[in-house]
Amino acid sequence: MSRLGIGVIGVGSIADMHLGAYAANPAVRLMGTYDIDADRNRAKAETFGVARAHDTLEDLLADPEIDAVSVCTWNNSHAELAVAALEAGKHVLVEKPLSRTVAEAEAIADAVRRTGRLLQVGFVRRFGANTQVLKSFVDGGTLGEIYHARATNIRRIGNPGGWFADSARSGGGPLIDIGVHVLDLCWYLMGTPRATTVSAVTHNRLGNRANVTSLSRYKVADYDPTLSDVEDLATALVRFENGASLLLETSYSVHAPEDRLEVAVFGDRGGAELEPRLRIVTEQHDTVLNIDPQIDHLSFDFEEGFANEVAHFVALCLGEAEEVAPVGHGLEVMRMLGGVYESAALGREVSLT
Ligand SMILES: NC(=O)c1ccc[n+]([C@@H]2O[C@H](COP(=O)([O-])OP(=O)(O)OC[C@H]3O[C@@H](n4cnc5c(N)ncnc54)[C@H](O)[C@@H]3O)[C@@H](O)[C@H]2O)c1
């Protein structure tokens with residue numbers, strides 16, 4: 001079996017999931033890492049048994065033993081790094097969101113076309129077992145035509161601080177960070193219809209709530225509580241060309257009694273909740289049925305999701321799989337996210353066509 005040489009660019013928090021999944025994959029050789037933080041780069045390469053910790057990006061991209069890379073850096077460098085890797089002849093798995101802006105996403109899509117290399121967008125939740133099971137029910141017609149979806153990802157004390165709260169590096173707050181997951185899941189299950197309009201509101205009322213000590217929170221690798229110029233709540237209605245609608249609500253900080261994750265799709269023959277746990281609803285003989293699939297993880301499981309995502313990327317690069325999260329999907333999601341920010345800034349509905 002031919003083994004795929006892998007490099008990882010950006011070795012902060014989420015890179016651990018990539019490195020761990022690659023290290024456990026027998027079709028892979030972990031050949032190189034690069035990070036602007038040289039100490040972190042060396043330490044991570046050692047922890048995961050990577051062949052080389054490169055001193056520069058150019059070094060890593062020039063390594064002929066690296067066939068493909070994961071880009072796990074701050075959002076502001078996704079486009080520059082993905083394009084450079086594609087132009088160096090590497091296949092690319094880029095973390096979500098594809099980029100900070102629509103223009104950056106278009107530049108990546110152009111580079112994919114130009115180079116003929118593969119790019120997979122890190123929509124890891126598409127690779128959760130619960131999503132894969134539901135997708136097979138959707139594709140099999142159990143839900144009929146999906147005409148409405150609800151995408152909710154609410155954290156009450158959930159601003160990770162540091163670059164996530166610095167719009168110059170992140171491109172935005174909870175919308176582009178965690179809203180993107182639930183928006184994408186709904187849109188994927190709906191069959192990726194073209195979005196036509198967005199009407200949205202964003203708020204920045206509570207900031208990062210660094211003052212709260214009663215609850216623990218996830219903190220980014222280089223935590224800095226003084227940064228906070230992103231929205232703390234975003235809500236939107238997206239319309240699609242097939243008449244379908246999607247309601248989105250996402251926050252880092254809101255006075256809610258608990259965090260809330262909800263992904264639900266509604267069709268003319270059935271419906272389903274993917275999160276907080278997979279349940280499918282349909283109707284037979286004038287009777288409503290709740291179907292409870294029997295699988296190990298009814299909610300998204302991080303280990304399983306990243307293992308599946310990485311295994312799929314490896315198989316794709318080896319020519320053994322079809323694309324599940326192509327660059328065009330990342331670009332369309334960026335168009336919707338850009339529409340949300342534009343609509344909120346203008347205070348009115350905007351057209352995406
Ligand atoms: N799929 C998921 O569920 C998930 C979860 C968390 C984060 N992410 C995404 O992963 C990416 C990284 O997030 P994180 O939480 O690991 O952040 P992080 O800050 O912990 O790690 C990012 C690393 O990238 C390095 N870096 C920044 N710019 C660089 C550049 N130009 N070249 C090389 N290295 C650079 C930093 O030094 C840092 O070590 C983000 O795009 C984020 O949205 C995805």
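Me: How many disulfides does the count come to, and what makes a pair of cysteine sulfur atoms a disulfide?

Reply: This is a predicted model. A disulfide needs two cysteine sulfur atoms within 2.5 Å. By this rule the count comes to 0.

Me: How do you know that C317 is in no disulfide?

Reply: Look at the nearest cysteine sulfur, which belongs to C72. That sulfur is 14 Å away. The cut-off is 2.5 Å, so C317 is in no disulfide.

Me: Why is C317 called buried?

Reply: The relative accessible area of C317 is 15%. Buried means under 20%, so C317 qualifies.

Me: What makes C186 count as buried?

Reply: C186 has 0% relative accessibility. The limit is under 20%, so C186 counts as buried.

Me: Why does A315 count as buried?

Reply: The relative accessibility of A315 is 16%. That is under 20%, so A315 counts as buried.

Me: Where is A315 found, and which residues is A315 in contact with, leaving aside its neighbours within four places in sequence?

Reply: A315 sits in helix 9, residues 302-317. Beyond those sequence neighbours, A315 is in contact with E320 and A321. Contact here means heavy atoms within 4.5 Å. A27 is 288 residues from A315 in sequence, yet the two C-alpha atoms are 8.6 Å apart in space.

Me: Why is helix 4 called roughly parallel to helix 5?

Reply: The axes of helix 4 (residues 78-87) and helix 5 (residues 102-115) cross at roughly 5°. They come within 9 Å. Angles under 35 degrees count as roughly parallel, so helix 4 is roughly parallel to helix 5.

Me: Which residues make the contact?

Reply: Helix 4 contributes H78, A79, A82, V83, L86 and E87. Helix 5 contributes E104, A107, I108, A111, V112, R114 and T115. The residues of this contact divide into 8 nonpolar, 2 polar and 3 charged.

Me: What makes strand 1 and strand 2 a pair?

Reply: Strand 1 (residues 4-9) and strand 2 (residues 28-34) are joined by 6 bridges. Pairing takes at least two, so the strands pair. They run parallel. G5 stands opposite R29 in strand 2.

Me: Which strands stand at the edges of the sheet, and why?

Reply: The open sheet has 6 strands in the order 3-2-1-4-5-6, with parallel pairing. Strand 3 (52-53) and strand 6 (119-122) each have a single partner strand, so one side of each is left without a neighbour in the sheet. Strand 3 and strand 6 therefore stand at the edges.

Terms used. Residues are numbered from 1 along each chain as its sequence is written. This is a predicted model: local features need pLDDT of at least 70, side-chain atom pairs count only at pLDDT 80 or more; totals for chains, interfaces and linings use all residues. Side-chain values use heavy atoms; hydrogens and water are left out. Helices (H or I, at least four residues) and strands (E, at least two) are DSSP runs, numbered from the N terminus. Buried means under 20% relative accessible area, exposed over 50%, partly exposed in between (1.4 Å probe, protein chains only). Axes are lines fitted to C-alpha atoms, for helices over the stretch in contact, and angles run from 0 to 180 degrees between N-to-C directions. Angles under 35 degrees count as roughly parallel, over 145 as roughly antiparallel, 65 to 115 as roughly perpendicular and the rest as oblique. Ala, Val, Leu, Ile, Met, Phe, Trp, Tyr, Cys and Pro count as nonpolar, Asp, Glu, Lys and Arg as charged, and the others, Gly among them, as polar.
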